[in-house]
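Colleague: I have some questions about the model below. Please take them one at a time and end each reply on the value or name I ask for.

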Number of protein chains: 4
Amino acid sequence: MAGTLNKVMLIGNLGDDVKMHYFDDKNCIGRFPIATSESYVNKQTNERVTNTEWHNIVVRNKAAEICEKYLSKGDKIYIEGRIKTRKWTDDKGMERYSTEIQCDEFTFLTPKNDQQQSHKPSAANAKPQSQPTAPTDTMPEGDDDLPF
Amino acid sequence: MAGTLNKVMLIGNLGDDVKMHYFDDKNCIGRFPIATSESYVNKQTNERVTNTEWHNIVVRNKAAEICEKYLSKGDKIYIEGRIKTRKWTDDKGMERYSTEIQCDEFTFLTPKNDQQQSHKPSAANAKPQSQPTAPTDTMPEGDDDLPF
Amino acid sequence: MAGTLNKVMLIGNLGDDVKMHYFDDKNCIGRFPIATSESYVNKQTNERVTNTEWHNIVVRNKAAEICEKYLSKGDKIYIEGRIKTRKWTDDKGMERYSTEIQCDEFTFLTPKNDQQQSHKPSAANAKPQSQPTAPTDTMPEGDDDLPF
Amino acid sequence: MAGTLNKVMLIGNLGDDVKMHYFDDKNCIGRFPIATSESYVNKQTNERVTNTEWHNIVVRNKAAEICEKYLSKGDKIYIEGRIKTRKWTDDKGMERYSTEIQCDEFTFLTPKNDQQQSHKPSAANAKPQSQPTAPTDTMPEGDDDLPF
DNA sequence: TTTT
DNA sequence: TTTT
């Protein structure tokens, strides 16, 4: 439809590492959950209440590979994308819905020296320090100027 | 959690009128679906593909009453809010999830002269023309300066 | 700098038509002003105050040509982009600053039947109705799937 | 004007400490600059180009005091607000314009253990660690539930 | 200079 | 279920 907007902007922390799915040698997606939370004081009880919301992030192709390489559970990230609700059928034949955030851009927010040592060899090899083309910029998917 | 952001911005059209639920004389919510869509040309088939996404909007209290009064099926609106996934149990005892947009601010985008005549008496009584304090501004919920 | 975001989202009305500047046969920019406004009730005087803010929009290449073709003074538009402050020297040799919104995406919000008849031949020729590839979608600059 | 939006979202680093201005015992503003940057590879020269953009942030009242207390030069922050261009007259009687971001919400993004030791007594006294009600939540100005 |  |  013309004249519409579907935009999501999140800042949150990864609840798990990036899980990759490869379709063929050119296409893949990465998935990971991020948590946002809000807290407020309940006026009746004077207690502080914290609600955590989990978001299922889906990122594609080169962007997925960058996320897989540089992101680990616990890292903070800015995500920009759109909401997409998928319909699927469970093993009892029931229709189910699952809402995902299709990520278009992202920016890593965890300082490099704060990232925990990861056991993923890909991350260990990343050496982002020596790359003038740091992978932490806001990154529109499909920007072929970026050397990834 | 400190340092997080959960922000949704939508421009879309109402797929149905606003449905109100009253809890007591001070608290109510309004619900309505809005559609966004995107279209692109499939490179293999050269066909234009249009995908429509439906979003369940939830708006509270005074803001809900304003939406109920001035919005009708088909109207275009800008919505700002946050994503919230509710867990519920269906009649077979299965856990289900439903994702909603909790609306914090909105702006009506359908010009008044374009709005179709509604049969709802509340809308017929609205007479927004005679109100200098038009209800179409971006409106943070809970702003008591607004004369509603 | 890594890990930064510079994002502007505006909904407003054009205060003037799009002015084009051509650099060569491949590069051009379009410029136009849009107005946003906010109003509130002054608590002391009980008067409604309205403040209008003007934004200088800059759009490039194909996107500029689409704006020039389909937008006219008075039309409503959604703009997404980034803030850029340019430094220039006035005719007295003084340093001056001018802040612009470099537009990355936009969506036309004025319904076609509401647009005033324009005298620009380009707009008269536009015939967007007969184009399955409507120019009113949210449109990332450089999306070559779009037939413009 | 009804039906408009003026929204800015920035993630950047403070170029200086927060400067406070007190009007009376209830009203104050804080000002600080933040930098965003973008980088790309120039296709002609194959060189990486980085452009830094400076934004003048203005924050009011309690929010200003929180910023002054917890933010220092170099810290990373998420800012949400609106664009406002002020007109002023310089000492030669020339009209000048200055564009500011009037901040409505913010979230601190520098982890506490990464913040440099500041010499400001207010910051030294802050002890945010011992406060369950951490000042780093996204914070709408005027939210009186927050214990500041 | 726009719009409601 | 909307809209173009």
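Modeller: A definition comes before the questions: a salt bridge is a side-chain nitrogen of Lys or Arg within 4 Å of a carboxyl oxygen of Asp or Glu. The model is predicted, and side-chain atom pairs count only at pLDDT 80 or more.

Colleague: Which residue meets Lys87(C) in a salt bridge?

Modeller: The cut-off between nitrogen and carboxyl oxygen is 4 Å, and the pair in question lies at 3.4 Å, N to O. Lys87(C) is exposed, with a relative accessible area of 51%.

Colleague: Is Lys87(D) buried or exposed?

Modeller: In chain D, Glu95(D) forms a salt bridge with Lys87(D), with the closest N and O atoms 3.4 Å apart. Glu95(D) has a relative accessible area of 42% and is partly exposed. Exposed means over 50%, so at 52% relative accessibility Lys87(D) counts as exposed.

Colleague: Which residues are joined into one network by salt bridges that share partners?

Modeller: Side chains of opposite charge can pair when their charged atoms come close. A search of the whole structure gives 37 salt bridges over all chains. Salt bridges that share partners make one network of Lys7(A), Glu80(A), Lys7(C) and Glu80(C).

Colleague: What is the relative accessible area of Asp16(D)?

Modeller: The side chain of Asp16(D) meets that of Lys19(D) in a salt bridge at 3.7 Å, N to O. Lys19(D) is partly exposed, at 43%. Asp16(D) is also partly exposed. Its relative accessible area is 29%.

Colleague: In what order do the elements of chain A run from the N terminus?

Modeller: The secondary structure of chain A consists of two helices and six strands. Of contacts in chain A between residues at least 6 apart in sequence, 60% join residues at least 24 apart. Buried residues are 47% of the 148 residues in this chain. From the N terminus on, the order is β-β-β-β-α-β-β-α.

Colleague: How many residue pairs are in polar contact across the interface of chain A and chain B?

Modeller: On each side, 32 residues are in contact with the other chain. The two chains bury about 2700 Å² between them, with 47% of it on carbon and sulfur atoms. The interface has two salt bridges. Residue pairs in polar contact, both at pLDDT 80 or more, number 15.

Colleague: Which element gives the most residues to the side of chain A that touches chain B?

Modeller: Elements of chain A that give two or more residues to this side are β1 (5-14), β3 (28-41), β4 (48-60), β5 (76-89) and β6 (95-108). The residues of this side divide into eleven nonpolar, eleven polar and ten charged. With nine residues, the element that gives the most is β1(A).

Colleague: Which residue forms a salt bridge with Arg82(B)?

Modeller: Across the interface of chain A and chain B there are two salt bridges. In the one formed by Arg82(B), the closest N and O atoms are 3.0 Å apart. The partner of Arg82(B) is Glu38(A).

Colleague: How far apart are the C-alpha atoms of Trp88(B) and Ser98(B)?

Modeller: Trp88(B) is in strand β5 (residues 76-89) of chain B and is partly exposed at 36% relative accessibility. Leaving aside neighbours within four places in sequence, Trp88(B) is in contact with Met94(B), Glu95(B), Arg96(B), Tyr97(B) and Ser98(B). Trp88(B) and Ser98(B) are ten residues apart along the chain, and their C-alpha atoms are separated by 7.8 Å.

Methods: Residues are numbered from 1 along each chain as its sequence is written. Chains are lettered from A and ligands numbered from 1 in the order in which they are written. This is a predicted model: local features need pLDDT of at least 70, side-chain atom pairs count only at pLDDT 80 or more; totals for chains, interfaces and linings use all residues. Side-chain values use heavy atoms; hydrogens and water are left out. Helices (H or I, at least four residues) and strands (E, at least two) are DSSP runs, numbered from the N terminus. Buried means under 20% relative accessible area, exposed over 50%, partly exposed in between (1.4 Å probe, protein chains only). Contact means heavy atoms within 4.5 Å. Buried area is the accessible area (1.4 Å probe) that two parts lose on being put together, summed over both. A polar contact is a pair of N or O atoms within 3.5 Å; within protein, one must be able to donate a hydrogen and the other to accept it, and residues adjacent in sequence count only if both atoms are side-chain atoms. Ala, Val, Leu, Ile, Met, Phe, Trp, Tyr, Cys and Pro count as nonpolar, Asp, Glu, Lys and Arg as charged, and the others, Gly among them, as polar.
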